[in-house]
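Subject: Structure for you to look through

Dear colleague,

I am passing on the structure we spoke about, with the sequence beside it. Please open both and keep them in view while you read the notes that follow.

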Amino acid sequence: MEFLKDWITQIIYIAILLIVLELLVPSSSLKKYAKVAIGFVIMITILNPLINFLKGGANIEAYVFKNDYFLKNINIEQISKEAEKQRNNLIVAEYKKRLIEQIKEKLLNLYEIEGVGVDVSFIEDLNDKEFGKIKEITLSFRNARRVSQDSEKIAKPTEDKKFNYEEIKKTISAFYNVPLKNITIKEE
């Protein structure tokens with residue numbers, strides 16, 4: 001490709017130079033001879049690589065060995081490892097996203113909570129047998145109230161003044177098998 005780029009660049013430079021020379025020719029009788037000469041120069045410039053190739057100037061083996069050397073130096077294993085690393089990062093990110101969504105949904109089904117925020121810390125090594133095991137959960141929300149189970153109505157606000165956050169901790173702890181001490185609740 002470098003050859004093609006050089007060839008096109010050479011043609012452009014010569015064309016610009018010849019156009020300038022054509023503009024400098026004063027007489028109209030000389031202009032037609034100048035145009036013929038300019039045409040020959042451009043044609044020779046365009047055909048020069050083909051002429052060199054026919055003379056044996058182009059070394060095809062050099063191009064082949066150059067490409068072969070390039071292909072051998074590409075470290076396929078390194079590229080593969082990098083792709084696997086990116087894939088694993090995507091898997092971990094998606095797992096975390098879904099886990100957070102699941103916790104939010106569970107909380108919203110059981111309680112009327114505004115501004116739910118969930119942060120989860122878990123074992124992110126895919127090669128670990130305990131991949132996905134939750135280490136710590138941090139919940140943040142405001143105005144928590146328990147949803148009544150029988151009528152699906154929200155408990156009265158007077159009952160909510162002393163809302164017990166331990167109940168939320170116990171629910172999350174039991175469902176995700178996380179020790180109570182590793183669940184933190186922040187009310188905003």
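Thr 138 is found in strand S2 of this model, which is a predicted one. The relative accessibility of Thr 138 is 18%, and because residues under 20% are classed as buried, Thr 138 counts as buried. If you set aside the residues up to four places away in sequence, Thr 138 touches Gly 117, Val 118 and Asp 119, and also Thr 184 and Lys 186.

Ser 140 lies in strand S2 as well, and at 16% relative accessibility Ser 140 counts as buried. Once its neighbours within four places in sequence are left aside, Ser 140 is in contact with Gly 115, Val 116 and Gly 117, together with Lys 186 and Glu 188.

Of the 188 residues in the chain, 22% are buried. Among contacts between residues at least 6 apart in sequence, 57% join residues that are at least 24 apart.

Next come two pairs of helices. Two packed helices are described by the angle between their axes and by the distance between those axes. For helix H4 (residues 76-110) and helix H6 (residues 165-176), the axes come within 11 Å and cross at roughly 135 degrees, and H4 and H6 are therefore oblique to each other. The crossing in which H4 passes H6 is right-handed. On the H4 side the residues are Leu 99, Gln 102, Ile 103, Lys 106, Leu 107 and Leu 110, and these meet Ile 168, Thr 171, Ile 172, Phe 175 and Tyr 176 in H6. Sorted by type, the residues of this contact of H4 with H6 are eight nonpolar, two polar and one charged.

How do the axes of helix H1 (residues 2-24) and helix H2 (residues 28-55) cross, and within what distance do they come? The axes come within 10 Å and cross at roughly 175 degrees, so H1 and H2 are roughly antiparallel to each other. H1 makes this contact through Phe 3, Trp 7, Gln 10, Ile 11, Ile 14, Leu 18 and Glu 22, while H2 makes it through Lys 31, Lys 35, Ile 38, Val 41, Ile 42, Thr 45, Ile 46 and Pro 49. The residues of the contact of H1 with H2 divide into 10 nonpolar, two polar and three charged.

Two further residues of H4 can be checked against positions elsewhere in the chain. Glu 105 lies in helix H4, and at 52% relative accessibility Glu 105 counts as exposed. The C-alpha atoms of Glu 105 and Val 116 are separated by 9.7 Å, and the two residues are 11 residues apart along the chain. Ala 93 lies in helix H4 too, but at 47% relative accessibility Ala 93 counts as partly exposed. Between the C-alpha atoms of Ala 93 and Glu 124, which are 31 residues apart along the chain, the separation is 9.2 Å.

Finally, please look at a residue in a loop. Is Asn 177, at 65% relative accessibility, buried or exposed? Asn 177 counts as exposed, and it lies in the loop between H6 and S3. Most residues other than glycine have a negative phi. The phi of Asn 177 is near 55 degrees, a positive value in a residue other than glycine.

How values were computed. Residues numbered from 1 in each chain as written. Predicted model: local features only at pLDDT ≥ 70, side-chain atom pairs only at ≥ 80, totals over all residues. Heavy atoms only, no water. Axes fitted to C-alpha atoms, helices over the stretch in contact; angles between N-to-C directions. Helix = DSSP H or I, 4+ residues; strand = E, 2+ residues; numbered from the N terminus. Parallel < 35°, antiparallel > 145°, perpendicular 65-115°, else oblique. Left-handed = near helix turned anticlockwise from the far one by under 90°. Contact = heavy atoms within 4.5 Å. Nonpolar A, V, L, I, M, F, W, Y, C, P; charged D, E, K, R; others polar. Buried < 20%, exposed > 50% of the residue type's maximum accessible area, 1.4 Å probe, protein only.
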